[in-house]
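Here is a friendly briefing to read alongside the model. Please have the viewer open as you go through the points.

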Amino acid sequence: MGEGLCPRLPCSWKNMEKGLNDAVSKTKVGKYFKLDARKSTFTKELRAGTATFLTMAYIITVNATILADSGGTCSVADCSAPVNQTAGPDCMLKPNEGYQSCLDKTKSDLIVATVLSAMIGSFAMGILANLPFGLAPGMGPNAFVAYNMVGFHGSGPISYKTAMAIVLVEGCAFFIVSALGLREKFARIIPKPIRLACAAGIGLFIAFVGLQIHQGVGLVGPDQSTLVTVTACSSTNPVTGECISGKMRSPTFWLGSVGLLITCYGLMKEIKGSMIYGILFVTLTSWIRGTAVTYFPQTLLGDNNYKYFKKVVDFHKIQSTAGAISFTSFNTSGAWLAFLTLFYVDMLGTTGILYTMAEIGGFVNEKGSFEGQYMAFLVDAGSTIVGSTLGVTTTATYVESSAGIREGGRTGLTAVTVGFYFLVSLCFTPLLTSVPPWAIGPSLVMVGVMMMKVVKDIDWENIKEAVPAFITMLLMPLTYSIANGIVGGIGMYIALSLYDYIVGLMAWLIKMRGMVVKERNQVSATAGADLEIEVI
């Protein structure tokens, strides 16, 4: 009896699934998303949305961790100070319970802001453009804002509120350009080797961040003689990060390394959600108290974090980052340079990713366009405007959307499913805020690895392309500035192109001079002939 029942179960499930798919495809929802027209089904779209979410969910904690490094809206006023004393500006760069408490609240705000911007962007992409693309705050712009514009704990030239104002203006400009249909034309202005090198350079920059002690696994740290060196020490200077003792003996570093291996093995076997599994292993291990790798040490701050963590389910209301926008210091050279850099990165990155995802999904026609393209561009740009008002950076289509496309996602239902998962994750803020930096670091390194793939498209045999591309990639991590890499690469490309321009100009001038001399000779010959006729 049991043997006769078992074979029937898969068949009955398939019949139920087929019945559900047929029923949904005939409804208004199925017709709106064109399930039959695109040869897809309801359950296939759900599976595709699940796959996409699993591969991009890491951004929830990663983005919040990176942006929280800027200090957000926290200031000296949030620092705790001894009785009858005033905290100095350096309290933001040294261990301080008051300032750390503010950072923890800011990180919670940024987690909610990241989830909301991803949820709104994905819903909009699915409903308005009917495309299976998931959206979230992008890697690259977040690092640029946190470490170049605002600086670590506010040590940079631009305040967090001004930075969000820049992101808002950049998003509005990007929306206008998209609405006018100029997006692709603007993207083509920048030389191809620079465009390719920017992606690789940003990848190196992000990986470098993931290797540092405050933001990642702690393998790389400062050194007075060589600027940077291998650390991973059991004891470090809490202010500078310099190694005090026990080089390569940090328990958290080795735990993070195991997480990196788990992620790599998963990606090697093409297991969906591999980055999440690596983060989960390290995080769950770090949640155990009383160990050398715990995220909740037996301190006042550790006890408070653990108390909040035990809530598990809690909806956090954004307190500081929403609406944190100020235009008072906008009209400066640094602010305008930051605006142009963000606009450029947004233009190249988001446009390129959108086209790549459309190509993978088979949506691009022989004319090079795809159905829903115009609305997809508007959603992409509009999501950045929404994100900036919540306190996060440029929101863009994610390359991880390819995971859902490979699962068969062909309609906007995939993106709607992704948005629904982000909505559910809003209720688990206590867990999401308790992910340690040594769990995030490996994922940043892997993001860097994935972004390096574009270097194969650079013509390394052509010095005119190779040198500017190399300068772009080199300067970003070594100067800790994405903007410096872009400016350096473009400057080198222009300098190397001057020879061709000058040779071309000289050839043109010689040609024009020859034409003028020839014209004069013809005029002189004509005048001489006329004179001879008159004499005769």
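**Overview**

The secondary structure of the chain amounts to 21 helices and 6 strands; these are DSSP runs numbered from the N terminus, with helices being H or I of at least four residues and strands being E of at least two. This is a predicted model, in which local features need pLDDT of at least 70 and side-chain atom pairs count only at pLDDT 80 or more, while totals for chains, interfaces and linings use all residues. Residues are numbered from 1 along each chain as its sequence is written, and side-chain values use heavy atoms, with hydrogens and water left out.

**The chain as a whole**

- Taken along the principal axes, the C-alpha atoms fill a box of roughly 120 × 75 × 45 Å.
- Of the 536 residues, 48% count as buried, where buried means under 20% relative accessible area, exposed means over 50%, and partly exposed lies in between (1.4 Å probe, protein chains only).
- Among the contacts with a separation of 6 or more, 74% come from residues 24 or more positions apart; a contact means heavy atoms within 4.5 Å.
- The accessible surface comes to about 25,900 Å², and carbon and sulfur atoms own 66% of it. The areas are from the Shrake-Rupley method with a 1.4 Å probe, and for residues only the protein chains shown count as cover.
- There are 39 positive and 34 negative side chains, with the centres of the two sets 8 Å apart. Lys and Arg count as positive and Asp and Glu as negative, leaving out His and the chain ends, and each charge is placed at NZ of Lys, CZ of Arg, CG of Asp or CD of Glu.

**A hairpin**

- Strands β2 (residues 220–223) and β3 (residues 227–230) run antiparallel and are joined by 4 bridges; strands pair if DSSP finds at least two bridges between them.
- The two strands, β2 and β3, form a hairpin with 3 residues between them.
- Within this pairing, P222 stands opposite V228 in β3.

**Cores and buried parts**

- The largest nonpolar core has 80 residues, of which M139, V145, M149, I166 and F422 touch the most other members. Such a core is a set of buried Ala, Val, Leu, Ile, Met, Phe, Trp, Tyr and Cys residues joined through side-chain atoms within 4.5 Å.
- A second, separate core of 15 residues includes L131, L354, Y355 and M357.
- Neighbours within four places in sequence aside, M149 is in contact with F144, G156, P157, I158, A163, I166, A338 and L342.
- Helix α5 (residues 59–68) is largely enclosed by the rest of the structure, because 10 of its 10 residues are buried. The buried residues of α5 include I59, V62, N63 and T65.
- W438 is in helix α19 (residues 437–451) and counts as buried at 13% relative accessibility.
- Beyond residues up to four places away in sequence, W438 touches G216, V217, T252, L255, G256, V282, S286, V293, T294 and Y295.

**Two positive phi angles**

- Most residues other than glycine have a negative phi.
- K39 has a phi near 55°, a positive value in a residue other than glycine. K39 sits in the loop between α3 (28–32) and α4 (42–56) and is exposed, with a relative accessible area of 74%.
- N130 has a positive phi of about 55° although it is not a glycine. N130 lies in the loop between α6 (97–129) and β1 (135–137) and is buried, at a relative accessible area of 7%.
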